[in-house]
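Here are my notes for your review. Please read them with the structure open.

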Amino acid sequence: RNRLTFVADLLHGANYDPGYPERAYIAPVNGLDYVPNPNSAAGVMDYSFEMALPANLYGDLVLIQWYYLTANSCHHAGYQEYDWPASWNVDATSSDPC
């Protein structure tokens with residue numbers, strides 16, 4: 001109902017998606033910004049996005065719910081049409097629709 005709008009990816013250069021303006025695309029963990037964690041099989045990568053609140057939404061306290069769509073085994077609507085940054089080396093055709 002009161003969706004945020006993507007404004008900018010402050011660290012990895014994700015592009016605005018006019019078909020899905022509420023989406024902030026997460027850079028893949030395969031670049032120079034990836035820092036291995038020697039204490040686990042996981043790694044660490046920072047993300048920072050600027051998102052805009054709807055103009056009619058205001059208050060002293062605003063609760064934001066993050067909704068995450070994964071694309072590691074299938075892709076969601078708009079995924080193949082998104083303008084992926086070239087440096088991300090994403091093959092948007094490598095999976096089937098969810």
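Predicted model: local features only at pLDDT ≥ 70, side-chain atom pairs only at ≥ 80, totals over all residues.

1. Is Trp 84 buried or exposed? Its relative accessible area is 16%. The cut-off for buried is under 20%, so Trp 84 counts as buried.

2. Which residues does Trp 84 touch, leaving aside those up to four places away in sequence? They are Asn 15, Tyr 25, Tyr 79, Val 90 and Ala 92. With Tyr 79 there is also a polar contact: a polar atom of the Trp 84 side chain lies 3.2 Å from the backbone oxygen of Tyr 79.

3. Trp 84 and Ala 27 are 57 residues apart along the chain. Their C-alpha atoms are separated by 9.5 Å.

4. Ser 95 is also in the segment after β4. Its relative accessible area is 15%. That value is under 20%, so Ser 95 is classed as buried. Beyond residues up to four places away in sequence, Ser 95 touches Ser 73, Cys 74 and His 75.

5. Now the largest pocket. The volume of this pocket is about 1100 Å³. How many residues line the largest pocket? The count is 33. Nearest its centre lie Glu 22, Arg 23, Ala 24, Tyr 67 and Tyr 68.

6. By class, the lining of the largest pocket holds 24 nonpolar residues. The rest of that lining is 5 polar and 4 charged residues.

Technical notes. Residues numbered from 1 in each chain as written. Heavy atoms only, no water. 1 Å grid on protein atoms, 1.4 Å probe; cavity = no way out; pocket = protein on both sides within 12 Å on 5 of 7 lines; lining within 4 Å. Points joined across faces, edges and corners; volume = space filled by probe spheres on them. Nonpolar A, V, L, I, M, F, W, Y, C, P; charged D, E, K, R; others polar. Buried < 20%, exposed > 50% of the residue type's maximum accessible area, 1.4 Å probe, protein only. Contact = heavy atoms within 4.5 Å. Polar contact = N/O pair within 3.5 Å; in protein donor to acceptor, adjacent residues only side chain to side chain. Helix = DSSP H or I, 4+ residues; strand = E, 2+ residues; numbered from the N terminus.
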